Amino acid sequence: MKLIIGNKAYSSWSLRGWLACRQSGLVFEEVVVPLYDEAWDRRREGAEFAPSSGKVPILWDGDAVVWDSLAIVDYLADKVGRDLFWPADDAARAMARSMAAEMHSSFVALRRRHSMNIRQVYPPVAPDEDVLADLSRIFELWAQARARFGGGGDFLFGDFGAADIMFAPVCTRIVTYSLPAPRFAAAYIAAVLRHPFLQDWIAAAQAEEWVIEKFEQPVGQ
């Protein structure tokens, strides 16, 4: 398998796809391509990127190609068994899938105003109301999952799984922009960022030489 991803410092969807591959336990080649460099437009037109119209991450498994992070999660779960990604309990699995799907399609204000940048921690600035609304909904989901199904471990449904993979970039954003979080959410964020997979990603992001200036500005500048 070969996973093509963007810069580890900035690419939140790449992080999700990469975490899914690590979670699967399968061997995969990792190819990092710099986002928006001088070769970006030409690179996106290449055969390897054609199925996704140039978007990352994109996973090649022989002749099979999968793009979109949530599709990569499901593809890998089919290969190795869903229990590595989703809770075994029906009710817990239903909630985990719904949360992953909501993360996939929602929280636009948080994404647009607080892009991922793992290398920075900015001083707190009062978030906009729509960002606060996104955070409130995220914390509500986390609280419900932890209260109902998370008692067996540090993560949303006990063990690290697909729901945590989908929300991992949110955890990094909250730290980067010093966004307000209740105590239980701060504990969950710390657990996610301590996970060995996240530690590996963060170390690699810190070592990257690429800088994209538009992602290096604190909120309001």
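Q: Which residues of H1 are buried?
A: This is a predicted model, to start with. In H1, the buried residues are Ser12, Ser14, Leu15, Arg16, Gly17, Trp18, Leu19, Ala20, Cys21, Gln23 and Ser24. That makes eleven of its 13 residues, so H1 is mostly covered.

Q: What should H1 span, at 1.5 Å a residue?
A: The 13 residues should span 18 Å. The end C-alpha atoms of H1 are 19 Å apart, which agrees.

Q: And what follows H1?
A: Gly25 does. Its phi is positive, near 80 degrees.

Q: Switching to the sheet. What's the strand order?
A: S2-S1-S3-S4. The four strands form an open sheet with mixed pairing. Strand S2 (29-32) and strand S4 (64-67) are the edges, and each pairs on one side only. On average, neighbouring strands are turned by 15 degrees against each other, direction ignored.

Q: Which helix packs on it?
A: H1, residues 12-24. H1 touches S1, S2 and S3. Its direction makes about 160 degrees with that of S1.

Q: In which sense do S1 and S3 pair?
A: Antiparallel, over three bridges. S1 covers residues 2-5 and S3 covers residues 58-61.

Q: What stands opposite Ile4?
A: Ile58, in S3.

Q: Where is the cis peptide bond around Pro57?
A: It runs from Val56 to Pro57, with omega near 0 degrees. Pro57 sits in the loop between helix H2 (40-44) and S3.

Q: Now backbone angles. What's phi at Asp68?
A: Near 80 degrees. That is a positive value in a residue other than glycine. Asp68 lies in the loop between S4 and helix H3 (69-80).

Q: How does Asp68 count for accessibility, and why?
A: As partly exposed, because its relative accessibility is 32%.

Q: What about phi at Phe107?
A: Near 65 degrees, again positive in a residue other than glycine. Phe107 is in the loop between helix H4 (90-105) and helix H5 (108-113).

Q: Is Phe107 buried or exposed?
A: Buried. The relative accessible area of Phe107 is 5%, and buried means under 20%.

Q: On to Asp164. Where is it?
A: In helix H7, residues 162-176.

Q: What's the nearest side chain of opposite charge to Asp164?
A: Arg146, 7.5 Å away. Asp164 is buried, yet it has no salt bridge.

Q: What does Asp164 touch, then?
A: Phe155, Leu156, Asp159 and Tyr188. That leaves out residues up to four places away in sequence.

Q: Last one: Cys171. Which helix is it in?
A: Helix H7, where Asp164 is also placed.

Q: Buried or exposed?
A: Cys171 counts as buried, at 0% relative accessibility.

Q: What is Cys171 in contact with?
A: Trp142, Tyr188, Ile189 and Val192, leaving aside neighbours within four places in sequence. Tyr188 is touched by Asp164 too.

How values were computed: Residues are numbered from 1 along each chain as its sequence is written. This is a predicted model: local features need pLDDT of at least 70, side-chain atom pairs count only at pLDDT 80 or more; totals for chains, interfaces and linings use all residues. Side-chain values use heavy atoms; hydrogens and water are left out. Helices (H or I, at least four residues) and strands (E, at least two) are DSSP runs, numbered from the N terminus. Buried means under 20% relative accessible area, exposed over 50%, partly exposed in between (1.4 Å probe, protein chains only). Lys and Arg count as positive and Asp and Glu as negative; His and the chain ends are not counted. A salt bridge is a side-chain nitrogen of Lys or Arg within 4 Å of a carboxyl oxygen of Asp or Glu. Contact means heavy atoms within 4.5 Å. Two strands pair if DSSP finds at least two bridges between them. Axes are lines fitted to C-alpha atoms, for helices over the stretch in contact, and angles run from 0 to 180 degrees between N-to-C directions. The expected span of a helix is 1.5 Å times one less than its number of residues.
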